[in-house]
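Biologist: I am new to this one. Could you walk me through a few of its helices?

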Amino acid sequence: QVASALGTETLAAAGAAWTAYASALAAHPLAVPAAISGVTYGLGDATAQAAEGRSVSDFDPVRALRSALVGAALHGPLAATFYTALDRAIILSPFFGGGDAWYAPLACLALDQTMFAFSWNALHATALGLLAGAHPKTVLAALLPVAAAGTRGGWRLWPAVGAVTFTLVPAPHRLLFVDAADLAWVTLLAAYAAQKRGGGEGGGA
């Protein structure tokens, strides 16, 4: 009975949280995505630092804050706007059957994994580099290689995520789903890196 009561309370709390999120998103369609991406990017960087083997004393909070700032100021609003534009231009377009054409999600996925992915990787690298104090010439010199590498690297995971994003997830909630997948992926990579590092240290002892 205790377990059943706890389960009921947990479901009720989750439902209330989702309702509050949906209401806030409807009222603030750019501010809420900004907050979501800010938290995601900040936590993602903190997780990456842990994967690098940094101790608490070596943790760089400024770096994590830079990532959170880029996520909140750029990724959240831009991605939310992009997903809305895709929904209007492709998913709901008469040319694509008003959402009924099987190839509409494929068109969205293609644009997402090429145009948007490359543009975002370039902007992300530029913003982080400038915020870190790098010289603009250095940032620009690395811009295209970094953006291209980031886009190609993303093709190992994001086409599968995008297939779910554009077929099952409603447009207003796509950013939340993608950022959750992003954070989960970073966490898995961090855990794998930590395990490999631990194994290497054990093997060398």
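**Helix packing and one cysteine**

Modeller: Gladly. Keep in mind that this is a predicted model.

Biologist: Is C108 buried or exposed?

Modeller: Buried means under 20% relative accessible area. C108 has 0% relative accessibility. C108 therefore counts as buried.

Biologist: Which residues is C108 in contact with, leaving aside its neighbours within four places in sequence?

Modeller: Contact means heavy atoms within 4.5 Å. With those neighbours set aside, the partners of C108 are L86, I90, I91 and F166.

Biologist: How are α3 and α4 oriented to each other?

Modeller: Their axes come within 11 Å and cross at roughly 160 degrees. Angles over 145 degrees count as roughly antiparallel. So α3 and α4 are roughly antiparallel.

Biologist: How do the residues of the contact of α3 with α4 divide?

Modeller: α3 passes α4 in a right-handed crossing. The residues of this contact of α3 with α4 divide into 22 nonpolar, three polar and two charged.

Biologist: At roughly what angle do the axes of α2 and α3 cross?

Modeller: Helix α2 spans residues 31–51 and helix α3 spans residues 61–91. Their crossing is right-handed. The axes come within 6 Å, and the angle is roughly 145 degrees.

Biologist: How do the residues of the contact of α2 with α3 divide?

Modeller: In α2, P33, G38 and Y41 are among the residues that meet α3. On the α3 side, the residues include R63, G71 and H75. The contact of α2 with α3 divides into nine nonpolar, eight polar and two charged residues.

Terms used
Residues are numbered from 1 along each chain as its sequence is written. This is a predicted model: local features need pLDDT of at least 70, side-chain atom pairs count only at pLDDT 80 or more; totals for chains, interfaces and linings use all residues. Side-chain values use heavy atoms; hydrogens and water are left out. Buried means under 20% relative accessible area, exposed over 50%, partly exposed in between (1.4 Å probe, protein chains only). Axes are lines fitted to C-alpha atoms, for helices over the stretch in contact, and angles run from 0 to 180 degrees between N-to-C directions. Helices (H or I, at least four residues) and strands (E, at least two) are DSSP runs, numbered from the N terminus. A crossing is left-handed if the near helix is turned anticlockwise from the far one by less than a right angle, and right-handed if clockwise. Ala, Val, Leu, Ile, Met, Phe, Trp, Tyr, Cys and Pro count as nonpolar, Asp, Glu, Lys and Arg as charged, and the others, Gly among them, as polar. Angles under 35 degrees count as roughly parallel, over 145 as roughly antiparallel, 65 to 115 as roughly perpendicular and the rest as oblique.
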